[in-house]
Every structure is written in structure tokens, then in C-alpha cells.
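Open the model in your viewer and follow the stops below. Each one says what to select and what is there.

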Amino acid sequence: MNVLYIGKYPPIEGGTATAAYWRIKELRQRGIFFEVLTCLPINKDYVIEGFADEENLHIVKEKLPWHIPYSQLYAEQLISLSIKLFEFKNFDVVEGCYLFPYGFAAYVVSKLFNRPLILRHAGSDLYRLAKGSALTAVLTKMLDAASVLVTYKECLKTWSDFNVESKFQITSRYTPNPVIFKSEGEHTQTTFLGKITEKWNRRQFDYYYDFLTKCNYQGAIRIYSNNYTVEEFSAYFQSKGYDVIKNSFVAPDKVPQILQDTKYLLVSEVPNGIKESSNCFVEAISAGCVPVCIDKKIKFDINFDFENYISEQWNIYMRALRN
């Protein structure tokens, strides 16, 4: 099967891109071919520096010439690039991961070439962009055209206004491969992987500090993030007497080794109002780390059945072909 995947993917940083990276890597080994399209934001804060170009990865990243009203026209560029790819490959399925702009671009491409459409959502796109917004009308058309809508049981109520139950493929959340995220290692370090924003709950710093002092942790704290996050962590923890080792974002395939050296993984709480899970949390447990998080809710309903998770993902594509 040939799949045209349009969505978040490294070098974009974040949980949605990371889950796509590991999912596609596994499904490729099981016989599904993916051509991947993604786009980089003008703001490079959330981009992994030095991410190695992959075969079959196409990135929209050139800044467009000035025009009025100015925008990067991400959806239009993704659609245009998809049309070019269809000249060389006969794709069986078009997949959009993250509703806007990726899902919209996938919707247009699936219409142009009359291919089954798979739509996947994350958290912020569903809860912040989709329901009750200026995008509701076009989202309704996208859902009508979709063969499969990949969602999670805790999100079903949010979809109730769209009457799309027949399209649901309810799956497990991202599940790390235990062969890759294994618990061997020295596990002596404290690490933070991810990013914070101006709205990030600063009480989490106090929670991390109190936890580490109670555990009598004496080592340095390693941060893998953008400059803003690194500087915020440095200002707080250096004022508390901890050394901070500063690193930029790393590619997903570097994380398993980092976790093998990590004892305490500092994990951000999920933002209020978004029913989402933390990749870092489940990867930490799989890799034998201790996740340190102020948000106790994320410990619920965690799935570690990797084979079941991959089987569910495989079935999504089989269902799209049957429809």
C-alpha cells in the first residue's frame, strides 16, 4: 500500500510529530509505504536543528515572497507538492494528521485524486481550532469526505455535534516500542524534554524542585528544548543551586539513549481543557525512568500493549482501502 501522509512530522518538535515518526517507522517495516509531507513554521523555535533528511520526506520550508494579505499559504503549498508527487506515484490512501492545515490539505488532495481520506487529530487542533470556530463549516466537509476518523474514547463527546460516529476508528494512544524504549541503563540523571510557553504553569518548577530535594538529588539537570525553555529552566534551577546542562531539541531516535541515562524525567502537565496524553510520560515508564509531573491525571488509562497498538494502526489503513 502507498500512503501519502500530510501532517506533523520531524523536524517539527512535539508529541504529535514524534508519535507519527515512530508509528510510520514501524508500519514501513510491516509493508506500508509512506511518502511524508510536512511544513516548517517561520518561527524556528519548535524545529529540531540538524535533523537528518530522510528518504521520502518532503518539507515545505521556503519563505514565500511578500504579498497582501501575507501568509505562508501552508495548505496551498502542501497541496501543490502533493500534486507533483502524484505524477510519480499512485497513492492508495491520503492521510492528514492534525486538522489544520494538514488535514485540510489532505482533504483537497483526496478530492482531486479520488482517494480514501484518513483524518487524525491531536489535542490543540480539536479543542482549540475545530469546535465552534470559523473553521467549523470546512471541517464538516472534511469529515463528510473522510473514510476514517482516528480518535480516542475520551474525545467522543467533542465529536457529538458532527454526526460522524460511523467513521470513527477509536484507537489506543501512542505506545512506545519496548524493544526501543527499554529499561536498561545507568539511570542517574535528571532530564527535561519538551517546551514551555508563557502560559506554562510556573508552579511546576516548584514541584520539580521539591521532588528533587526530597530525593536528595545532587546532580545537574539536562534540558533539551528551545532557547526560551532552556533559559527559563536555567534561571530557576541555577538560583536554587543546581547546574543546568543546555541542549537543543533532539530527534526522536536520540531520546531512547537519553532516557537510559535518566532517573528522573521532568514531565509537563497537559494544558487545561485539552484531553491529551504525554508521550514523555509513557516513554519514561517504558524506559525505566521515574516521571515527575504535577498532573496526576495523566497516569490513568496508559496502554503498554505495543503489538495491539500497531495492529490498531494497521487496521486503519485496511479499513480506508475497503471503504
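How many bridges join strand β1 to strand β4? Select residues 2-7 and 93-97: five bridges link these two strands, which run parallel. Strands here are DSSP runs of E, at least two residues long, and helices are runs of H or I, at least four long, both numbered from the N terminus. Two strands pair if DSSP finds at least two bridges between them. Zoom in on Ile6, which stands opposite Gly96 in β4.

This is a predicted model, where local features need pLDDT of at least 70 and side-chain atom pairs count only at 80 or more, while totals for chains, interfaces and linings use all residues. Residues are numbered from 1 along each chain as its sequence is written, and side-chain values use heavy atoms, leaving out hydrogens and water.

Now show the whole sheet. Seven strands form an open sheet with parallel pairing, in the order β3-β2-β1-β4-β5-β6-β7. Look at the edges: β3 (57-60) and β7 (168-170) each have a single partner strand, so one side of each lacks a neighbour in the sheet.

Next, select Thr151, found in strand β6 (residues 148-151). Is Thr151 buried or exposed? Thr151 counts as buried because its relative accessibility is 0%; buried means under 20% relative accessible area, exposed over 50%, partly exposed in between (1.4 Å probe, protein chains only).

Show its surroundings. Beyond neighbours within four places in sequence, Thr151 is in contact (heavy atoms within 4.5 Å) with residues including His121, Leu156 and Phe168.
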